[in-house]
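Let's take a walk through this structure together, one step at a time. Have a look at it first, and then we'll start with a term that will come in handy.

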Amino acid sequence: MTTERMLNPALVWALLVLFWLVPGSSLAEPAFDSPPERDSAGFFTLDWSGADRFELEQATGPDHADARIIYRGSDTSTTISGLSDNAYRFRIRAEGAETWSDEAVVVVEHHALSRAFLFFALGAGVFVVLLLAIARGRKLA
Amino acid sequence: MIIAEDVAILPEGIAWGLLIAFSILWVFLGWFLGRKNKTAEDHMLAGRNVGLALATATAMATWVTANTTMTAPQLALQLGVWGMFGYSLGALGLILFAPLARRIRELMPHGFTSGDFIRLRFGKFTWRVFLVVSLIYAFGWLVSLAMAGGVLINALSGIDYRVGMTIILAVCVLYTLLGGLRAVIGTDFVQTIIIILGVAFIAWLTIDKVGFEAIHFNLMEERPELLNLLFPAAIMFLFNNLLFGVGEIFHSNVWWSRAFAFGRSVGFRAYLLAGLLWLPIPIVAGFVALATPALGINVPVADMVGPLVAAEVLGLTGAIVVFIVVFAALASSLDSLLAATSDLVTRDIYRGHIRKSASQHEQFRATKVIVVLLGLLTWAAASYRGELPIIGSLAAVLYFTGAFVASAIWPVVAGLYWRRANPTGAALSMIAGTTLGLVSYFVIGFYVAALVGAAVSLAVLVLFTWVAPRDFDWRSLAEAEPRDTAGARGGIR
């Protein structure tokens, strides 16, 4: 709201004319909004904008040989989960467009199992102590 | 981030109709059930004589929240089968609180809040640390519930997130204001029946329409890790969620106020039964999220997955059922939390710190003002959904508070059972547990914050108690209460 008040109307008009004059301005192309580069949790969200309807593609290799469309519609984000360790390539374009307008590469590398079991053991230990504390406390009480 | 209106399953007219009809029902019940409240004690503790059926229903309904009906599917989508099973371990919080409820009622027959206990047991410094922990948690839970209301209405009907969130919050504030804990418990009973029937209906229809085989095949093809029993983040999440649930229940005044309100021999059985009844609910509710790949639907934000799948599979009928179930689950938790948090603020902040000689009438009035203020604060924070890092999704908000509550498990358990627990150790265990829990939240992920908080808190409290044990006479809790609560109970006995 503060930003809007600070904008000079002449500057806004100048920018609008500029975008109208420059054909195929990059702002009209669908693009990802700050996609993650790495993921260790196993789930992440992809956001995008720049058109009314979109096509989102997912692939693993740089040649997109195994590419498949995973979303087609007007939503501007999606939740990705359940992927195995690998580098995943996502491409976005306006629905019906011939060329892809943006690409994001997300490297999924799950936590090491040793770390996972360390936390599991820590949690199990705390839980057992809790059970013993309540059982013993009840007895003494 | 927003579901466009043209893809919403529920027509806006029907959504508005349901919203208005159930809003009127809850507010009417609030007024009807609370019309006999005459004193602060009536308003805050429903006369201290709630029976087993109502007690079990209120414990279960309060624990079936937006976090169960919406976060359980979110966790199934993010962490797979362990996500929903891990979420169901939250039942152990209720089950393990059963013996604590009995102990609390025995030690403090005239107690009002969990803050009362910590103050009398450990002194003012620990009490203040506990209040900070407790209020941050309560606020985080309130915000996550309000967010869930807005998300639900937006996902199903396309009505703006802020509009839906505002209406649900306003309705809960209004009927909590009118009826106090008596209204909260009464509406919880109705809401429990709606929730159980609705969740079972949705799960049965999902299996019937999509089928296990299709769900399994598509998961293996598109999201194989969701079926992997060695999914690292999910393994880390299991005990984290268990300890988070234990921390939530052990410290929160939502559950303490019920321990004080239930009849003398009711608390133990009510919490045990409620935990056993609650156990399968997250699995049933979370399961529907695993049908996402089979259905080929897009989930723009993870916390929307439950309503989206149900509406997609079941069409208009499903959308209506989901709407009613989640509205009931939300209301049953929001009202409990508003009531219990306002009690805590009234007793421990207003009467404990601001106006120590507050009369019964002043406390009664303060409770109501605080309910409204809590509603306004919650509304302001929930309006920022998706715009601040920790207000990104329901799970992110909820598990942020995990570090706080899990670090309060040990001060409560030690306070109730360890005669020689060290008061300074109790305060420092909460501070150290919360700090390191938050560090792990940001460095590793939301799925370890409570676990780290609980482990650190245990180590600190044991160390201090071992090095500097401090004797405590349990009888001083019961002796201190009648004088202490005279103002709030007034002349009703």
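Two residues are in contact here if their C-beta atoms, placed from the backbone, lie within 7 Å. Keep in mind that what you see is a predicted model. With that in hand, let's see how the chains meet: 37 residues of chain A are in contact with 41 residues of chain B. Which elements of chain A supply at least two residues each to the side that touches chain B? They are strand S3 (43-49), strand S5 (68-73), strand S6 (77-81) and helix H3 (113-140). Helix H3 of chain A gives the most, with 17 residues. As for the make-up of that side of chain A, 20 of its residues are nonpolar, 15 are polar and 2 are charged.

Now step back and follow chain A from its N terminus. The chain has 3 helices and 8 strands, and the order is α-α-β-β-β-β-β-β-β-β-α. Of its 141 residues, 25% count as buried. If you take the contacts within chain A between residues at least 6 apart in sequence, 52% of them join residues at least 24 apart.

Next come the strands. In chain A, 5 strands make an open sheet with mixed pairing, ordered S2-S8-S7-S4-S5. Its edge strands are S2 (38-39) and S5 of chain A, and each of these pairs on one side only. Strands of a sheet pair through backbone hydrogen bonds, either parallel or antiparallel. Which is it for S4 (residues 54-59) and S5 of chain A, parallel or antiparallel? These two run antiparallel, joined by 5 bridges. To spot the pairing on screen, find A:Phe54, which stands opposite A:Gly73 in S5 of chain A.

Definitions and conventions
Residues numbered from 1 in each chain as written. Chains lettered and ligands numbered in written order. Predicted model: local features only at pLDDT ≥ 70, side-chain atom pairs only at ≥ 80, totals over all residues. Helix = DSSP H or I, 4+ residues; strand = E, 2+ residues; numbered from the N terminus. Buried ≥ 20, exposed ≤ 12 C-beta atoms within 10 Å, placed from the backbone. Nonpolar A, V, L, I, M, F, W, Y, C, P; charged D, E, K, R; others polar. Pairing = 2+ DSSP bridges.
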